Amino acid sequence: MKRIISFPTARRLAPRLPLAAIVLLIGGSFSPSHAQLREHVGKHLTLHTDLPASEAIEQLPDAFDAAVPQWCEYFGVDQDIVEGWHVTGYLMSNKQVFAQRGLVPSELPDFEHGYQWGDKIWVVGQASEYYTRHLVLHEGVHSAMWRFFGGAGPAWFMEGTAELLATHHWSDGKMTINVMPDTREAFPFWGRLKVIESARRADRALAFDSIMRYSQKAHRQVEPYAWSWAALTLLEMYPEYRSIAIQAARRGSDSSIEFTRRFYDDLKSEWPELSTRWTMLVDGLEYGFDRTRNRIDLNVSSDNSQAIASAPTSQSYSIKADHGWQATHFRVASGQTIQITASGEYTIGNDPKPWVCQPQGVTIDYHRGNPLGMVLAAVAPANSTDGTKLSLPQIVGVGRERTFQAAHDGLLLIRIGDHPSSLADNQGSATVNVSTGKQP
């Protein structure tokens with residue numbers, strides 16, 4: 001529902017108006033007190049905006065309403081909790097218009113993109129319909145968690161969860177939240193993957209525990225949103241982590257360091273595996289990343305998970321073409337010699353036809369410099385943290401056979417190379433034999 005309304009002039013003007021605004025006010029060509037705002041009303045959101053009328057803006061309350069039951073489902077709360085819940089939102093192209101009318105309280109910080117306070121949200125209009133809607137949902141998640149749990153925890157968890165549950169598909173009145181962006185074009189100006197890729201290329205990717213140490217003011221910059229989203233993406237990928245994250249959300253009224261300490265304690269027994277999975281996630285994240293097929297199963301037996309003996313050891317593995325990195329039982333030492341041989345046939349993709357592939361790969365296309373379908377090896381660092389910086393894996397193209405030395409201590413993983421978004425239509429497996437020399 002939409003109607004044109006006029007709000008009364010605020011009794012208290014915002015201090016120190018910019019000179020350009022003063023000139024406009026005196027000249028009479030612009031008057032915040034008389035400009036009209038449109039109102040769009042849904043079940044859970046009433047949105048006031050000065051943005052130009054468009055179908056995308058009119059649909060925002062519908063999109064919000066469609067997300068609410070999915071947020072309830074995600075957190076495992078009864079939908080009765082949102083009966084009668086209503087958020088008042090301000091979508092602004094000119095914050096001054098809203099500030100002049102007292103619609104942006106002076107108590108709020110000078111936010112750049114959005115802010116939530118109880119059952120009110122403020123969002124600055126963005127350069128794309130998607131990103132504007134994303135921010136409305138992002139602030140809506142904050143408000144929903146305030147409704148559900150009395151808060152959303154410290155900044156890293158609060159912003160990561162909001163990013164996770166605001167990333168969405170909206171088409172023909174249907175909403176799907178908690179999606180992995182599939183193309184840059186479908187998620188314009190979102191930019192989280194670009195931030196992570198840039199950090200990866202510059203060798204300044206963050207360790208997981210560094211993200212958990214973000215201050216409450218860190219998210220005044222864009223980059224922490226990307227890393228917080230990635231951290232919650234990892235927790236979402238693995239059921240054992242996801243259940244801990246959901247339980248943590250129920251302690252959302254606590255935004256102190258105690259929240260993070262307890263979160264770490266709940267995951268302490270999982271931390272070595274989590275660190276390995278985080279390292280490989282950061283290295284592999286890109287548009288269309290398949291969160292299910294890129295899970296890494298690290299449930300190796302205690303006997304085989306020990307550091308290997310000084311005598312040469314070998315073992316064979318079947319490596320699936322439709323999965324990402326797959327763990328071996330080898331924890332290797334820096335400088336140790338690793339010999340890998342691979343054999344077998346499998347298919348990569350089916351467009352325009354299934355490509356029969358062998359371990360050397362096929363040169364119809366490349367991913368990160370290697371032919372599609374090539375057998376690859378990685379040594380994921382045993383200690384993935386160097387201060388606040390993440391140590392990325394050593395990745396080696398194996399093909400039919402390769403002997404190399406481990407660049408650092410770590411777990412050996414194998415995969416059949418392909419875009420992380422294109423695993424579902426692969427078939428078959430390769431047989432891989434791994435032999436290791438004596439530790440140096």
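Start by selecting P381 and look across to strand β21, where G410 stands opposite it. Keep in mind as you explore that this is a predicted model.

Now widen the selection to residues 375-381, strand β16, and residues 410-416, strand β21. How many bridges join β16 to β21? There are seven, and the two strands run antiparallel.

Four strands make up an open sheet here, in the order β10-β21-β16-β19, with antiparallel pairing. Which are the edge strands? They are β10 (326-332) and β19 (394-397), each of which pairs on one side only.

From its first C-alpha to its last, α12 reaches 20 Å over 14 residues, close to the 20 Å expected at 1.5 Å a residue. Is α12 mostly covered or mostly open? It is mostly covered, with twelve of its 14 residues buried. Among them are W271, R277, W278 and D283.

**Stop three: the cores**

Now select W71, F75, F157, W227 and W278. These are the residues with the most contacts inside the largest nonpolar core, which has 97 residues. Colour residues 129-149 as well: this is helix α5, which gives the most to this core, with ten residues.

Zoom in on F157. Leaving aside residues up to four places away in sequence, F157 touches M145, A152, L232, A245, A248, A249, F259 and F263. Apart from this core lies another, of 26 residues, including V332, V375, F404 and I414.

**Stop four: an enclosed helix**

Select residues 223-237, helix α9. Its 15 residues reach 22 Å from first C-alpha to last, close to the 21 Å expected at 1.5 Å a residue. Why is α9 largely enclosed by the rest of the structure? Because 14 of its 15 residues are buried.

**Last stop: the whole protein**

Zoom out and show everything. The protein has twelve helices and 22 strands, and 53% of its 440 residues count as buried.

Key
Residues are numbered from 1 along each chain as its sequence is written. This is a predicted model: local features need pLDDT of at least 70, side-chain atom pairs count only at pLDDT 80 or more; totals for chains, interfaces and linings use all residues. Side-chain values use heavy atoms; hydrogens and water are left out. A nonpolar core is a set of buried Ala, Val, Leu, Ile, Met, Phe, Trp, Tyr and Cys residues joined through side-chain atoms within 4.5 Å. Buried means under 20% relative accessible area, exposed over 50%, partly exposed in between (1.4 Å probe, protein chains only). Contact means heavy atoms within 4.5 Å. Two strands pair if DSSP finds at least two bridges between them. The expected span of a helix is 1.5 Å times one less than its number of residues.
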